Amino acid sequence: MHGMVRWLILLAMLCVWPFAARADDISAAGRGVVRIVTIATIEGEVVGFGHGSGFAVAPNRVLTNAHVVEAAERYPGNVVIGVVPSEGDKTFQGRLIAIDSDRDLALIEFAGIRLPPLTFYSGPVNEGDSMIALGYPGNVDLATARSAADFITPLTPIRSQGVFSGRRDLQGVRVLLHTAGIARGNSGGPLLDSCGRVLGVNAALTRADDGDASFGFAIANEEVAAFLREAKQPMPANGVACTSIAERLAQDRSAAEQAREAEELRKREAAAVAAADRDNAIQRARSENIVMRENYMAGAALLLVFGAFTLGIAGLLLTREQKREAIYTAVGGGALIVASVVTFILRPAFDPAAIDGGARVAIPPPVAQPGGLGKMVCTIDPARSRITVSDTQDVAIDINADGCVNGRTQYAEAGQNWQRILVPDEEQAVSVLEYAPTTRTYSTTRYLLSARQMEEARKRRAEVKVKACSTDPAARADLASRQQAIRTALPQIFNERLVYSCKSAD
């Protein structure tokens with residue numbers, strides 16, 4: 001690479017373009033969108049320059065239109081392909097590895113950076129559905145670029161929104177007709193649904209002469225899938241219907257409200273059962289009290305009769321001049337009468353308050369599912385999840401009473417649950433993993449972050465001291481504190497939440 005080409009690439013590597021990342025699905029998809037630049041040279045002099053858009057289908061491969069890089073196919077020794085990411089401070093040289101001129105698709109490989117691949121949507125698309133185009137329209141570049149260096153400087157892609165207008169055939173290729181605004185330069189860029197998944201590859205637009213409405217054509221995913229299969233490139237796909245974050249949060253609030261109402265109903269029912277049990281206990285106690293009072297009164301009467309009878313005998317003995325015997329007998333009779341009076345006075349009274357504590361029944365807590373630890377198999381619950389770019393395969397976990405998962409990853413206490421925040425080195429996403437033993441619920445909340453946000457999260461992750469499973473509560477408390485510091489670096493709104501229902505693997 002000589003002359004102007006070397007100068008442009010060097011300048012791009014030195015430039016840093018500031019940008020503000022947004023925590024939404026389209027911005028998350030934009031991390032994998034690139035500008036494709038072609039520079040033609042003859043004897044070190046730049047004789048041709050072109051550009052379009054593309055997006056990552058693998059960390060080191062991007063998809064674009066064939067017509068964007070056709071010059072590189074025709075003149076491989078004289079045309080350089082540049083891959084300009086949407087963030088960072090460098091441009092990278094690409095290599096054409098597959099091209100299909102009939103479908104107008106091409107695959108480019110590069111090295112030096114790992115991009116977050118976009119996910120294709122494999123479900124149905126209906127007319128009127130919202131669609132978003134991402135890319136680098138040339139009319140915007142012409143209006144804002146000050147020099148050729150601006151074309152190889154990392155820059156956030158432009159988004160435009162429209163609706164799906166139907167399917168058509170364009171020169172034998174199945175395409176999607178849409179109203180999202182595109183221009184020359186958008187070629188090769190993705191057409192997305194509201195969740196940031198690829199619906200097609202923008203390739204052409206209608207002319208808008210004399211006030212005619214402009215429409216865009218995007219190569220349909222079935223054509224893209226066929227091309228990538230032939231290129232032996234896996235195609236990440238997802239067919240789950242798009243649920244917006246607002247809808248997901250509203251459903252979560254509704255589910256939480258239903259759970260609160262169910263808990264209040266359970267408490268009311270338990271309170272009614274407790275009140276009925278208390279009334280029954282009081283009635284039983286009242287009946288037992290009546291029987292006991294009658295026994296006391298009968299005993300008092302019996303003692304009184306015996307006492308009177310004994311006094312009568314004492315009088316008889318006194319008439320017979322058996323004075324000493326009469327005195328002893330009279331004392332015994334008096335004692336029986338006194339005992340009769342005392343027994344009558346001490347007969348038990350009925351006091352509901354005295355038995356209230358014993359009769360009252362406490363409201364039981366919610367019944368926890370037994371066996372919430374050990375080896376578990378967790379299955380996705382679509383009704384409680386927001387699925388955009390991840391697969392939904394079952395997850396197997398093995399968690400013990402100390403929060404050690406799969407024998408290697410330590411989770412920290414989060415109330416009654418166990419939680420771990422994963423900040424990977426290779427992936428541009430942070431995942432908050434949480435397991436609730438009482439309900440056997442496992443969840444993964446994912447934040448698709450910009451390069452700068454990931455850099456900050458990795459700095460905070462470096463402060464985490466617990467690297468393996470630990471039985472030390474102090475170490476787990478420190479882990480919880482460090483993870484909270486990572487949470488503060490995350491956006492308030494997540495991009496994806498996968499909720500799983502778990503059952504024992506045994």
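Q: Which residue of strand 6 stands opposite Val62?
A: Ile108 stands opposite Val62. This is a predicted model: local features need pLDDT of at least 70, side-chain atom pairs count only at pLDDT 80 or more, and totals for chains, interfaces and linings use all residues. Residues are numbered from 1 along each chain as its sequence is written, and side-chain values use heavy atoms, leaving out hydrogens and water.

Q: How do you know that strand 3 and strand 6 pair?
A: Strands are DSSP runs of E (at least two residues) and helices are runs of H or I (at least four), numbered from the N terminus. Pairing needs at least two bridges found by DSSP. Strand 3 (residues 61–64) and strand 6 (residues 105–110) have four bridges, so they qualify; their sense is antiparallel.

Q: What order do the six strands of the closed barrel follow?
A: They run 1-2-3-6-5-4, with antiparallel pairing.

Q: What makes helix 5 a neighbour of the sheet, and which strands does helix 5 touch?
A: Contact means heavy atoms within 4.5 Å. Helix 5 (residues 221–230) packs on the sheet and touches strand 3, strand 5 and strand 6.

Q: Why is the pair of Phe55 and Phe120 called tilted?
A: Rings of Phe, Tyr and Trp (its six-membered ring) pair with centres within 6.5 Å; planes under 30 degrees apart are stacked, over 60 edge-to-face, and the rest tilted. Here the centres are 5.9 Å apart and the planes make 55 degrees, so the pair is tilted. Phe55 lies in strand 2 and Phe120 in strand 7 (residues 120–121), so the pair ties together parts 65 residues apart in sequence. The structure holds two aromatic pairs.

Key: Axes fitted to C-alpha atoms, helices over the stretch in contact; angles between N-to-C directions.
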